[in-house]
Amino acid sequence: MLRPLVLATALAASVLAVPASAHAAAPRATETRAAETRATETRACALPGRTGWTDEGHDTDHRQFRAATGRIRAVMLFVDFPDAAAEGGTVQYADHFAPAEKWLAAASYGRARLSITPVHTWFRMPQDSTTYGFDRGISYEQHRLYVRQAVAAADAEVDFSAYDIVYIVPSRNAAAVRFSPTYLWDPAQSGVVADGAEVKWGVTFGQDMWRWGHKVLAHETGHIFGLPDLYSFTGPDYHRFVGGWDVMGLISGPSPQPFAWHARKLGWISDGQVACVPASGGTYRLTPVERPGGRKLVVVRTGDTSAYAIESRKGSECSGGMVIYKVDSAVATGEGPIRVMDAKPDAVPPAGCHALDDGAYGPGQVFTDESAKVRVEVKGDLVRVDRLGV
């Protein structure tokens, strides 16, 4: 993703007759108050964004980023180049990404409904594929030009005002278009306009799409929703922060379901599915994030922009259990805004697994951070959280 330069009991009787409708309203009022209480408690653990860009804050700016719920309309364009003319049709390209719709629906518990409309035509770009700067990392200005030219090439056939997102897919022989950055409009600059509408969000796929598969679309669309990169921008271990526990980290990881923290940020789980641990601590039952329903997230706030989060994973061939991770909404994308705590730091992970992929905590295991005064004990599908010295 590229950043421009410049989220008791009831009384048995009453002396006054009360209409039946009033009796019916009382439980609803109680439920409303309980929901408001839960929302207030949950907000106590919501972190403010501090980077001015994609981060782990809950105060996502939806002028800049697309809301992640409801129907999300996307159009998919296929482009080739004077120096890389397409060979064959576009169906195999569209089919490559098609599973992303169901993946996102499942990951969001049905709250995000991505609908992709592929336009089965090769649109010719006006420049050679080697001239856009993908080999040099591509600047925001170059990226905007690429999007603008692709939209202009397709404008006669596509009503862009009908779509939220534009996905642009290059011909497979355009080797110079190597990677897949997300396009986010900058309200402070002139953008891309078509059919009287601003093209605010897009992804320009590169040849890495064939390596990562359809989940690269989920990853890049996550940026459109305001999520940061969880892999490291510097090596040698680019996946030292979260391994394969979230699609914003290692896309091809064994457990890429979004963290429950992300599900809360995106509106995919409710206040009632989140517990904010008070000073007195508490014991909580968690259901795996891979299944809908139940409590999904326990949060221990540790500072103005920091917290520990705990969630349950049914896991993979690498690991399963309680995943404990540290969140800091002041840490920039690619610098470790989420860091998974490793229950087995000295263990050799199973073949095909990253060092963190086997790091979930199992029954009887304890995590302690003395400096943050947090202790977490795992008891099957229960976790006991204590605030030490509080």
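Colleague: Happy to look at this with you! With which residue does R124 form a salt bridge?
Modeller: Keep in mind that this is a predicted model. R124 sits in strand β2 (residues 112-124), and its partner lies 44 residues apart from it, in strand β1 (residues 70-80). The closest N and O atoms of the pair are 2.8 Å apart, and the partner of R124 is D80.

Colleague: Nice. Is D80 buried or exposed?
Modeller: The cut-off for buried is under 20% relative accessible area. R124, with 44%, is partly exposed. D80 has 5% relative accessibility, so D80 counts as buried.

Colleague: Which residue pairs with R285 in a salt bridge?
Modeller: R285 belongs to strand β9 (residues 282-285), while its partner is in the loop between β15 (374-379) and β16 (382-387), 96 residues apart. With the closest N and O atoms 2.9 Å apart, the residue is D381.

Colleague: And R313, what is its relative accessible area?
Modeller: R313 forms a salt bridge with E311, where the closest N and O atoms are 2.7 Å apart. E311 counts as buried at 0% relative accessibility. R313 is buried as well, and its relative accessible area is 2%.

Colleague: Why does K265 have no salt bridge?
Modeller: K265 lies in helix α7 (residues 260-265), and its side chain makes a polar contact of 2.9 Å with the side chain of T60. A salt bridge needs a side-chain nitrogen within 4 Å of a carboxyl oxygen.

Colleague: Let's turn to α6. How many of the ten residues of helix α6 are buried?
Modeller: Helix α6 covers residues 215-224 and is largely enclosed by the rest of the structure. Its buried residues include K215, E220 and H223, along with L217 and I224. After the helix comes G226, with a positive phi near 105°. The number of buried residues in α6 is ten.

Colleague: Lastly, which residue in β13 stands opposite Y325?
Modeller: An open sheet of five strands runs in the order β8-β10-β11-β12-β13, with mixed pairing. Its edge strands are β8 (274-276) and β13 (338-340), each of which pairs on one side only. Strand β12 (residues 321-328) is antiparallel to β13 and joined to it by three bridges. Opposite Y325 stands V340.

Technical notes
Residues are numbered from 1 along each chain as its sequence is written. This is a predicted model: local features need pLDDT of at least 70, side-chain atom pairs count only at pLDDT 80 or more; totals for chains, interfaces and linings use all residues. Side-chain values use heavy atoms; hydrogens and water are left out. Helices (H or I, at least four residues) and strands (E, at least two) are DSSP runs, numbered from the N terminus. A polar contact is a pair of N or O atoms within 3.5 Å; within protein, one must be able to donate a hydrogen and the other to accept it, and residues adjacent in sequence count only if both atoms are side-chain atoms. Buried means under 20% relative accessible area, exposed over 50%, partly exposed in between (1.4 Å probe, protein chains only). Two strands pair if DSSP finds at least two bridges between them.
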